[in-house]
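I opened a new notebook page for this model. The entries below follow the order in which I looked things up.

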Amino acid sequence: QVQLVESGGGLVQAGGSLIISCAVSGRTGISLTMGWFRQAPGKEREFVAAVSRSGSTTDYADSVKGRFTISRDNAKSTVYLAMNSLKSEDTAVYYCAASAIAFYNREAILKAPAYGYWGQGTQVTVSS
């Protein structure tokens, strides 16, 4: 089985930066497509970013493109989301997710059903 544990969330001022992490454990390890999703109160969970198994290819939601960076360190079994120029609209619970679907299935990995493993989420709050 695969276990995902997010950390690093917190309160940050608008315009600031924050890095959140996802520790991956289990026999399957980090040899999976990894993604970040977020969910604000009263809203559906939305795609934020994804990274291929090798870490060489990434994709982002239009709302965060140019501000957020997803990366992975497979030796450390950790996935990161670096968030810059944060806005109040970025306030949400951020979830780490893992998918057995290869990254080249581009349409699939943009949607939550592609991900079979989920973390518990970490709260990111951006104050204006």
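Is serine 85 buried, partly exposed or exposed? I found serine 85 partly exposed, with a relative accessible area of 41%. Here buried means under 20% relative accessible area, exposed over 50%, and partly exposed in between, with a 1.4 Å probe and protein chains only.

Ground rules next. This is a predicted model, where local features need pLDDT of at least 70, side-chain atom pairs count only at pLDDT 80 or more, and totals for chains, interfaces and linings use all residues. Residues are numbered from 1 along each chain as its sequence is written, and side-chain values use heavy atoms, with hydrogens and water left out.

**Entry: backbone angles**

I looked up phi for serine 85 and got a positive value of about 50 degrees, although this residue is not a glycine. Most residues other than glycine have a negative phi. Serine 85 sits in the loop between β8 and β9. Strands are DSSP runs (E, at least two residues), numbered from the N terminus.

Serine 77 also went on the list: its phi is near 50 degrees, positive in a residue other than glycine. I placed serine 77 in the loop between β7 and β8. At 26% relative accessibility, serine 77 is partly exposed.

**Entry: the sheet**

Which order do the strands take in the open sheet of 4 strands? I read β1-β3-β8-β7, with antiparallel pairing. Two strands pair if DSSP finds at least two bridges between them. β1 (2-7) and β7 (68-73) are at the edges with a single partner strand each, so one side of each has no neighbour in the sheet. Neighbouring strands are turned by 15 degrees against each other on average, direction ignored. The axes are lines fitted to C-alpha atoms, and angles run from 0 to 180 degrees between N-to-C directions.

β1 is joined to β3 (residues 18-26) by 6 bridges, and valine 5 has alanine 23 in β3 as its bridge partner. β7 is joined to β8 (residues 78-83) by 6 bridges, and serine 71 has tyrosine 80 in β8 as its bridge partner. β7 and β8 form a hairpin with 4 residues between them, and serine 77 is in the turn. On β7, Phe68, Ile70 and Arg72 make the covered face, while Thr69, Ser71 and Asp73 make the uncovered one.

**Entry: the core**

How many residues does the largest nonpolar core have? I noted 36. Such a core is a set of buried Ala, Val, Leu, Ile, Met, Phe, Trp, Tyr and Cys residues joined through side-chain atoms within 4.5 Å. Met34, Trp36, Leu81, Met83 and Tyr94 have the most contacts inside this core. Strands supplying at least two residues each include β4 (33-39), β5 (46-51), β9 (92-99) and β11 (122-127).
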